[in-house]
Amino acid sequence: MTQRQSTRISSRKQPQQARSTDLVAAILQAAVQVLSEQGATRFTTARVAEKAGVSIGSLYQYFPNKAAILFRLQSDEWLQTQQMLRRILENLEQPPLARLRSLVQAFIRSECEEAQVRGALNDAAPLYRDAPEACEARAAGRQIFAGFMFHLLPEVSEATRTAACDLLLTTLSSVGKDFSASPHTEAAITRYADGLADMFSAYVVALNQPSALPPATPA
């Protein structure tokens, strides 16, 4: 069953020539437009082909069904997120807390800028969410952040570091999704991201501080 699901969301073939690359790019651009305008429930390969100005047969050369197109869009989004994570979190010229703040600001802004498409992709997620490719893509992003946690929390236990990683990632994802559901001005986005970064920074600073309380003594 897993293998069948993996096959359904994989592209039929990769473009080898410039013309083929342009065709795939046109299909994906059209897919974004259809997704933005009509949402996941009305997203079909026929509508994408029509929007792209290509035949349905040409589309099927590269994407076997709508799930494959949606997964490609989601994969591209995941790849962009991974690149952002590496660019910000692996910048050793900045101290860890400054990198965390930069990540929060960039992530919240990105969520707001692409909220419509991201929301539609989230609605379509059941089509590919549990496929091996999806699990691998999500794990790659988490691995980058988990590596950064050693810089952010160098002295805490592994269990504390893992729990902090889960809390920060879950909160960032949930808050970003909720906040981006409504339109906001650039100033409002900046204020919100700064406030969230302040909360995260205070949490990290507290974890890095030894307890001010004396150890408990048995009665």
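Which residues is glycine 39 in contact with, leaving aside its neighbours within four places in sequence? I looked this up before anything else, bearing in mind that the model is predicted. The contacts of glycine 39 are Val34 and Ala120. Glycine 39 itself sits in the loop that runs between helix 2 (18–38) and helix 3 (45–52). I also checked a C-alpha distance: glycine 39 and alanine 124 are 85 residues apart along the chain, and 9.0 Å separates their C-alpha atoms.

Entry on valine 32. I found valine 32 in helix 2. Its relative accessible area is 31%, and valine 32 is therefore partly exposed, since that label covers values between 20% and 50%. Not counting residues up to four places away in sequence, valine 32 touches Leu73 and Val117. From its C-alpha atom to that of valine 48, 16 residues apart along the chain, I noted 8.8 Å.

Entry on the whole chain. I counted 10 helices and 0 strands. The pattern along the sequence reads α-α-α-α-α-α-α-α-α-α. Of the 219 residues, 37% are buried. I then took the contacts with a separation of 6 or more; residues 24 or more positions apart account for 70% of them.

Entry on the aromatic pairs. I get a count of 3 aromatic pairs. One of them joins phenylalanine 71 and tryptophan 78 edge-to-face, with 6.2 Å centre to centre and 75° between the planes. Phenylalanine 71 and tryptophan 78 are both buried. Phenylalanine 179 and tyrosine 192 form a stacked pair, at 3.8 Å centre to centre and 10° between the planes. Phenylalanine 179 lies in helix 9 (residues 158–179) and tyrosine 192 in helix 10 (residues 186–208), so this pair ties together parts that are 13 residues apart in sequence.

Entry on helix 10. I checked the span of this helix of 23 residues: from first C-alpha to last it reaches 33 Å, close to the 33 Å expected at 1.5 Å a residue. Its buried residues include Ala188, Ile189, Ala193 and Leu196, and Ala197, Phe200, Ser201 and Val204 are buried as well. Among the elements that cover the buried residues of helix 10 are helix 6 (96–113), helix 8 (132–152) and helix 9.

Entry on the largest pocket. I read off a volume of about 1,000 Å³. Which of the 32 lining residues are the closest to its centre? They are Glu77, Trp78, Phe107, Glu111 and Ser173. Trp78 is thus a ring of the edge-to-face pair and also a lining residue of the largest pocket. Helix 5 (66–89), helix 6, helix 7, helix 8 and helix 9 each give two or more residues to the lining.

Definitions and conventions:
Residues are numbered from 1 along each chain as its sequence is written. This is a predicted model: local features need pLDDT of at least 70, side-chain atom pairs count only at pLDDT 80 or more; totals for chains, interfaces and linings use all residues. Side-chain values use heavy atoms; hydrogens and water are left out. Rings of Phe, Tyr and Trp (its six-membered ring) pair if their centres lie within 6.5 Å; planes under 30 degrees apart count as stacked, over 60 as edge-to-face and the rest as tilted. Buried means under 20% relative accessible area, exposed over 50%, partly exposed in between (1.4 Å probe, protein chains only). Helices (H or I, at least four residues) and strands (E, at least two) are DSSP runs, numbered from the N terminus. The expected span of a helix is 1.5 Å times one less than its number of residues. Contact means heavy atoms within 4.5 Å. On a 1 Å grid over the protein atoms alone, a cavity is a set of points where a 1.4 Å probe fits but cannot get out, and a pocket is an open set with protein on both sides within 12 Å along at least five of seven lines; lining residues have an atom within 4 Å of a point. Grid points are joined across faces, edges and corners, and a volume is the space filled by probe spheres set on the points.
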